[in-house]
Each structure stands twice: as C-alpha cells, then as structure tokens.
Amino acid sequence: AVTLDDLARQSGRYFGSAVDNPELDDTPYANLLGTEFGSTTPGNSMKWDATEPRRGVFNFTGGDEIVNYAQANGLSVRGHTLLWHSQLPGWLTSRTWTADELRSILKNHITQVVTHYKGKVFAWDVANEIMNEDGTYRQSIFYKTLGPGYVADALRWARAADPNVKLYLNDYNVEATGAKSDAYYRLVKQLKAAGVPIDGFGMQAHLALQYGFPNQMGQNIQRFADLGLDVALTELDIRMPLPSDTAKLARQAEFYGRVTDACLAVRRCVGITLWGYSDRHSWIPPVFPGEGAALPWNGNLRRKPAYDAIAKSLAAA
Ligand code: G3I
C-alpha cells in the first residue's frame, strides 16, 4: 500500500508522527506508526526531566527505546528538545543559579544529550518556545539568568557536539505572519549574521478549527526558507470543539490539505510531523477540555477525511 511517507518521498520530504513511549506497547498503534510514517519524534522522553533527572546523571532509556523502534522500522528521528521552559527537572527549577552555574549546566546538558544521539537523530529542536506571543523573549529561567545570548550559546554547543545534525528553533503560533513569527525572523537573521549555526525553523502547527487557518502560512514558510533555513512542520494537529460531526471533519480535512499544500509549495519545507497520528493518543483532551478529534486517524485507527486530503495534496506535488 502507498503510505503518506511514500507520497512525501516523491518530492524528497518525510511524513512523520510523534510517539510517546507507553504508546509503543499499543501494538496496533505501533505497527501503523512503523508502516505509514518515515520519521518520528519522541513526545516526552528526550526532554530534560527525562534525560537528566538528577544533576549530571543522564538517563537515555526512553529516548533509546524510541530510536531503536525507529531504526527497526526504517524511521528517522527528530530530537525534541534540548532547552525548554517546561518539563525541567526539579533539581534545576527548585533553586536559583548564578549565570556561570546555569551556563555550565546548560552546556553539559546539551553536550551530553547531543553526543549520545549523534548519528541517531537527524535534527534537534535546540530551543523550544522561547518567544512570547508579542515577540518578546519568554521569561524562562534561561532568559532571566543568562539573557538572550543563551540561544546562540545553545546552538554553538549543539553544533560542537554533532557537526552534522540539523539545528532548529521550534515554536507554536508561528505559522501565521505576526509579532511572534516576526521575532523569530529577526532572531534568525541576527544569528546568521553573527555566524551562529542554525539550520531550521520548526513550526509546531497546533491548529484549531475555531481559530481559522493561519494567515499567509505559505508566504511565512517561504520567508524563513529565503533566509537559508530548512522549515519543518513539527507537531501538526488540528483540533475542534467536540463532538466532531461531518461538517467539522470536512473542514478539518480542508485545513490539513491546505497545511500540506503550504509546505509543498516551498522547496525547503522538508517534512511534516503529526503530534501523534490518531485520536486514540493525543495531548489535547486533558489540556483543552471539550476539544479534540485533532488527528487524521480516529480512536479506532480508522482514517478520517483529513487523511485523504493529506494524501491528495502529497500526490499532486
Ligand atoms: O509521566 C507522568 C506519569 O508518571 C503520571 O502518572 C502522569 C499523571 O498525570 O503524568 C505523566 O506525565 C505526563 C507526561 O506528559 C507524560 O505522559 C504529564 O503529566 C503531561 O503534562 C505531559 O504532557 C506532555 C506535554 O508536552 C507537557 O508539556 C505531552 O505528553 C506532550 O505531548 C506535550 O508535547 C508538547 C511539545 O513537547 C512542545 N509543543 C507542545 C506540545 C503539546 O503540549
């Protein structure tokens, strides 16, 4: 059977899905992941709380499990994520650090994790969600302690640990043009001008039917590509107010088709990753009560209209 990844490969791209470790024990789910997709991203197990649960003590068990599963099934792996304000271990957040201390902690974390996964992940979300909606820097412990220079440092440390892995900045609500994506556009320009290694921009693409389609997504992808970056849609899902019905599923399918078209229109949009592929396993219902049904496969692993819209778009590329 022709899969979404087969169709994406026709234009040199990948089509992937995130997976969280417990989902690998759901055999029908894991089997479909292994056959339909060409890439995966660990949903949680490469984050800081998982990889460095105690200072200087690293645990790669969960990440390795997903890498091994991916290798056995011919999937590439996107590494997610080296530096984020969320899912940090308690030892890191429960006290304050001097700038020198935190810089050395961050450098060691990035160096150890990137070195461990060298040759096993093709890309890293080096810094995740560092901007506010208004385009100012998020007041994370990294920003507050180190100032904005921590982003360039993180990219340089990642590059030093693996000269070949693609280094990304990654965020949500950056699919449309606007203050937040403008801030990334300016930052990438500055980083490039300063010779800081940066290869890609990840647009998470957590969309919602009720908020409409992101304005000018295609042009926005293009302007980052024009800076000499790869662009990837890294966490795509399109939620809706529940219950789903025929009309909402049709509109969701239209959105999925338009997102896929927007990527395919730009040569350097290298691939699309769903944040889980089925409504059976999704982060949305607990976080947005009353919303969900965001993925192209339903809870019974049956294809929804969104699947056909994606396939149609990929086949036309
Ligand atoms: O591991 C514990 C488990 O021991 C405990 O029993 C259970 C009870 O709540 O919680 C488990 O931890 C949960 C963890 O996922 C693993 O399942 C956390 O509560 C839960 O908050 C956490 O959610 C993750 C979320 O990031 C946290 O911010 C989601 O699975 C994950 O899909 C989501 O992914 C993020 C991306 O990294 C960045 N972009 C947004 C995206 C969606 O929020």
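## Buried or exposed

A residue counts as buried if 20 or more other C-beta atoms lie within 10 Å of its own, as exposed if 12 or fewer do, and as partly exposed in between. Keep this in mind as we tour the structure, which is a predicted model.

Two other residues show the remaining classes. Leucine 301, in the loop between strand E10 (291–292) and helix H13 (305–316), is partly exposed because it has 15 other C-beta atoms within 10 Å. Its phi, near 65 degrees, is also a positive value in a residue other than glycine. Proline 286, found in helix H12 (residues 284–287), has 8 C-beta neighbours inside 10 Å and so counts as exposed.

Let us turn to helix H4 (residues 61–73). Its 13 residues reach 18 Å from the first C-alpha to the last, close to the 18 Å expected at 1.5 Å a residue. Which residues of H4 are buried? They are Gly62, Gly63, Ile66, Val67 and Ala70. Seen down the axis of H4, these buried residues fall within an arc of 135 degrees, so they line one face of the helix. An α-helix has 3.6 residues a turn, so residues three or four places apart point the same way.

On the other side of H4, Thr61, Asn68, Gln71 and Ala72 are exposed. The cover over the buried residues of H4 includes strand E1 (14–19), strand E2 (39–42), helix H3 (48–51) and strand E3 (76–83). After H4 comes glycine 74, with a positive phi near 75 degrees.

Helix H6 (residues 99–116) has 18 residues and reaches 26 Å from its first C-alpha to its last, close to the 26 Å expected at 1.5 Å a residue. Its buried residues are Leu106, His109, Ile110, Val113 and Val114. Viewed down the axis of H6, they fall within an arc of 110 degrees, so they line one face of the helix. Asp100, Glu101, Ser104 and Thr115 are exposed on the other side of H6.

Among the elements that cover the buried residues of H6 is H3. Threonine 51 belongs to helix H3, and it touches Val113 as well as Gly63. Although threonine 51 and valine 113 are 62 residues apart in sequence, they are 7.5 Å apart in space, C-alpha to C-alpha.

## The nonpolar core

The largest nonpolar core has 87 residues, of which Trp124, Val126, Ala154 and Ala158 touch the most other members. Helix H8 (residues 150–161) gives the most to this core, with seven residues. Leaving aside neighbours within four places in sequence, alanine 158 is in contact with Leu82, Ile110, Val114, Trp124, Val126 and Leu167.

Which residues are around the ligand? They are Asp20, Gly43, Asn44, Ser86, Gln87, Asn128, Tyr172, Gln204, Glu235 and Trp283. This shell divides into two nonpolar, six polar and two charged residues.

Finally, look for the cis peptide bonds. One joins histidine 80 and threonine 81, with omega about 0 degrees, and threonine 81 is found in strand E3. Another joins leucine 242 and proline 243, again with omega about 0 degrees. Proline 243 has its place in the loop between strand E8 (230–241) and helix H11 (246–264).

Technical notes
Residues numbered from 1 in each chain as written. Predicted model: local features only at pLDDT ≥ 70, side-chain atom pairs only at ≥ 80, totals over all residues. Helix = DSSP H or I, 4+ residues; strand = E, 2+ residues; numbered from the N terminus. Expected span 1.5 Å × (residues − 1). Arc of directions from axis to C-beta. Contact = placed C-beta atoms within 7 Å. Near = placed C-beta within 6 Å. Nonpolar A, V, L, I, M, F, W, Y, C, P; charged D, E, K, R; others polar. Core = buried A, V, L, I, M, F, W, Y, C linked by C-beta atoms within 7 Å.
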